[in-house]
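The following note sets out points for discussion on the structure shown below. Please read it alongside the coordinates.

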Amino acid sequence: MNKRTPSETVKDATARPQGCTNFKLRRLMRQVAQHYDAHMSPCGLKTTQYSLLNTVERLGPIQPSELARSMAMDASTLTRNLRPLMDAGWLLLGPGQNARSRLVHITEAGREKRREAQALWRVAQLSLNEMLGESTVVALHGLIDDCMELLVEPAAEPAAAEQAAGA
């Protein structure tokens with residue numbers, strides 16, 4: 001079988017898309033997630049949980065809606081993913097600025113768990129870099145960033161939004 005490296009595929013301007021992009025990306029994501037999860041299993045966290053701890057550490061205390069938005073996650077998925085971290089005492093949902101608001105906080109135990117997981121995550125990242133090759137990982141990151149920017153729907157022009165609303 002004649003395999004091409006990812007950089008050869010990207011450079012081939014005559015290449016045509018083959019197969020379903022969604023399927024290919026999901027399959028890749030499952031393999032990458034399994035790689036990271038296997039490396040991080042000694043600390044008892046999945047990579048999604050580690051990402052939540054990192055984000056709350058970096059942005060918190062933070063409203064759940066803002067946390068969901070920053071992680072590109074819907075509210076019900078966030079609630080489901082927060083529950084085990086709160087049950088373990090790594091995150092807590094406390095009062096916000098008024099009686100109707102809440103803020104997600106990381107606890108000291110959560111900071112310790114994040115530090116433990118971070119060391120394992122680094123090993124997983126270095127291992128993936130070695131498996132794929134650093135130049136491939138850099139190219140992949142660039143492609144992902146470019147695609148994410150292209151897939152963001154442009155904000156509606158204020159006049160167009162008013163006109164659509166019947167103003």
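1. Gly133, which comes just after helix 6, adopts a positive phi of about 95°. The model is a predicted one, and helix 6 has the highest mean pLDDT among the elements of the chain, at 97.

2. Helix 6 itself covers residues 108-132, 25 residues in total. From first C-alpha to last, helix 6 reaches 36 Å, close to the 36 Å expected at 1.5 Å a residue.

3. Which residues of helix 6 are buried? They are Gly110, Lys113, Arg114, Ala117, Ala124, Gln125, Leu128 and Asn129. An α-helix has 3.6 residues a turn, so positions three or four places apart point the same way.

4. The packing partners of these buried residues include three helices: helix 2 (21-40), helix 3 (47-59) and helix 7 (134-151). Strand 2 (102-106) also packs against the buried residues of helix 6.

5. As to the overall fold, the protein chain contains eight helices and two strands, arranged along the sequence as α-α-α-α-α-β-β-α-α-α. Of contacts between residues at least 6 apart in sequence, 52% join residues at least 24 apart.

6. Of the 167 residues in the protein chain, 23% are buried. The accessible surface comes to about 12,300 Å², with 56% of that area belonging to carbon and sulfur atoms.

7. On confidence, the protein chain averages a pLDDT of 87, and 84% of its residues score at least 70. Helix 8 (residues 158-164) has the lowest mean pLDDT among the elements, at 50.

Technical notes: Residues numbered from 1 in each chain as written. Predicted model: local features only at pLDDT ≥ 70, side-chain atom pairs only at ≥ 80, totals over all residues. Heavy atoms only, no water. Helix = DSSP H or I, 4+ residues; strand = E, 2+ residues; numbered from the N terminus. Expected span 1.5 Å × (residues − 1). Buried < 20%, exposed > 50% of the residue type's maximum accessible area, 1.4 Å probe, protein only. Contact = heavy atoms within 4.5 Å. pLDDT = per-residue confidence, 0-100. Areas by Shrake-Rupley, 256 points an atom, 1.4 Å probe, with all protein chains shown as cover.
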